[in-house]
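Hi,

Here is the structure I promised to pass on. Have a look at it first, and then read my notes below.

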Amino acid sequence: MLKTIAVDSRVFVPAYWEGAKVELMKRDRIMRKLIPQFGDLHLIGRGEAFTTLARSVVGQQISVKAGESVWQKFLLICPKSTPAQVLKAGPEQLAACGLSKRKAEYILDLADHFKTKRVHADQWIEMDDEEVIADLTQIRGIGRWTVEMFLIFNLLRPNILPLDDLGLLKGISVNYFSGEPVSRSDAREVSANWEPWRTVATWYLWRSLDPVPVEY
């Protein structure tokens, strides 16, 4: 079972983080320069599983700023962000938050899966990464990228490489290829040196583009 260090009742820091930083800096010259720039900043795990996934759906294919605006409106209607509140709100109230009709349907389907226990939330902590991905991608609107964000920010898995993430690809491009476009194959090749700490390296590449961590 993954160990975490509690900062407060809602915030968890992966216990592997400091050791992973040391290993990455030993192995990778870019990480050796990049990691010290961010001092004591680290990945922070927050939130309930349903909230994390719902927030990821809200943020799909829109800017971080727009996603935050919609999320705050969503919380006015569903302040506890529970499946029961979402189902009670229904599609019209969700659409009034600024959600597209399709995203409202996705969040309602997500809520229904949780309420009827058609996903195995109580087992995810013991399941491997691909098993969690298979369990969650059965839900409409939940693709591999969304589950990878969940694995990073909620389950705090140490070795996730989200190859569909534009920020990761841009971070590799800027830091390893002098800004030249990179393919998924290029990203896999660079990341081979990071295992089993690809989550940590990914997080620092995100920070190289945006020093302020995004909350999920």
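**Salt bridges and the core**

Glu-18 and Lys-21 sit three residues apart in helix α1 (residues 17–27), about one turn of the helix. Their side chains meet in a salt bridge, 3.4 Å from N to O. Glu-18 is partly exposed at 48% relative accessible area, whereas Lys-21 is buried at 8%. Before you go further, bear in mind that this is a predicted model.

The whole structure has nine salt bridges. Another one joins Glu-148 to Arg-144, with the closest N and O atoms 3.0 Å apart. Both of these residues are in helix α8 (residues 144–153), four residues apart. Glu-148 is buried, with 4% relative accessibility, while Arg-144 is partly exposed at 36%. Glu-130 comes in here too: a network of salt bridges links Glu-130, Arg-144 and Glu-148.

Then there is Asp-164 with Arg-184, where the closest N and O atoms are 2.4 Å apart. Asp-164 is in the loop between α8 and α9 (166–176) and Arg-184 is in helix α10 (residues 184–191), so this pair ties together parts 20 residues apart in sequence.

Now the core. The largest nonpolar core counts 64 residues, and Leu-136 and Trp-124 are among those with the most contacts inside it. Helix α6 (residues 101–115) gives the most to this core, with seven residues. Beyond its neighbours within four places in sequence, Leu-136 touches residues including Leu-53, Ile-142 and Phe-150.

His-113 is also in helix α6 and is buried at 5% relative accessible area. Lys-117, in the loop between α6 and α7 (129–136), is exposed at 68%.

Cheers

Notes
Residues are numbered from 1 along each chain as its sequence is written. This is a predicted model: local features need pLDDT of at least 70, side-chain atom pairs count only at pLDDT 80 or more; totals for chains, interfaces and linings use all residues. Side-chain values use heavy atoms; hydrogens and water are left out. A nonpolar core is a set of buried Ala, Val, Leu, Ile, Met, Phe, Trp, Tyr and Cys residues joined through side-chain atoms within 4.5 Å. Buried means under 20% relative accessible area, exposed over 50%, partly exposed in between (1.4 Å probe, protein chains only). Helices (H or I, at least four residues) and strands (E, at least two) are DSSP runs, numbered from the N terminus. Contact means heavy atoms within 4.5 Å. A salt bridge is a side-chain nitrogen of Lys or Arg within 4 Å of a carboxyl oxygen of Asp or Glu.
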